[in-house]
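Here are my notes from a first look through this structure. Come along and check each entry as you read.

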Amino acid sequence: MTNLMETLVENREMVQPNHANMLDTAHGGNVMKWMDEVGAMSAMLFSGETCVTARVNQMNFERPIRVGDTAYITAYVYDSGTSSVKVRLITEREDLRTRQREKTTESYFVYVAIDEHNEPTAVPDLTVSSEGAERLRREALEGENGDC
């Protein structure tokens with residue numbers, strides 16, 4: 001069994017001009033790609049298997065990320081099924097000079113673990129062994145259901 005806290009992945013992407021739209025902010029497609037990559041890392045840490053994206057819930061871009069800022073992406077597994085892995089993803093824009101962060105995007109992705117034949121394969125049960133992990137799981141379940 002894998003503990004929720006062992007699935008926590010945090011990553012940064014520097015927003016460069018080639019990532020930007022005509023408003024000099026990160027193109028939404030780039031942000032989604034970065035989130036998908038970090039989410040897959042979290043799912044693979046959890047399952048010990050290759051994971052592919054099966055579903056993305058709605059993705060609201062609440063704030064832009066300007067060229068020169070970083071996209072700070074946090075992901076963790078909060079639930080699992082037989083072969084599916086649910087990952088909460090939060091993206092914040094970050095000014096590295098001041099270290100100030102502001103949430104820009106949040107989403108919930110579902111990945112499926114696959115074997116060497118690209119067929120779905122079983123994943124372990126998720127364990128939640130601390131108050132911090134329980135809080136993260138509860139936040140994710142509430143957010144997934146629109147209760148936040």
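This is a predicted model: local features need pLDDT of at least 70, side-chain atom pairs count only at pLDDT 80 or more; totals for chains, interfaces and linings use all residues.

I began with the largest pocket and found about 220 Å³ of space in it. A pocket here is an open set of points on a 1 Å grid over the protein atoms alone, where a 1.4 Å probe fits, with protein on both sides within 12 Å along at least five of seven lines; lining residues have an atom within 4 Å of a point. The volume is the space filled by probe spheres set on the points, which are joined across faces, edges and corners.

Residues are numbered from 1 along each chain as its sequence is written, and side-chain values use heavy atoms, without hydrogens and water.

Next I listed the lining: eleven residues, with Gln58, Asn60, Glu106, Tyr108 and Gly143 nearest the centre of the largest pocket. S7 gives the most to this lining, three residues.

Then I turned to Thr2, which sits in strand S1 (residues 2-3); strands are DSSP runs (E, at least two residues), numbered from the N terminus. Is Thr2 buried or exposed? Thr2 counts as buried because its relative accessibility is 11%, and buried means under 20% relative accessible area (1.4 Å probe, protein chains only).

I also looked up who touches Thr2: leaving aside neighbours within four places in sequence, its contacts (heavy atoms within 4.5 Å) include Leu45, Phe46 and Pro124. Gln100 lies 98 residues from Thr2 in sequence and 32 Å away in space, C-alpha to C-alpha.

Notes. Helices (H or I, at least four residues) and strands (E, at least two) are DSSP runs, numbered from the N terminus. Buried means under 20% relative accessible area, exposed over 50%, partly exposed in between (1.4 Å probe, protein chains only).
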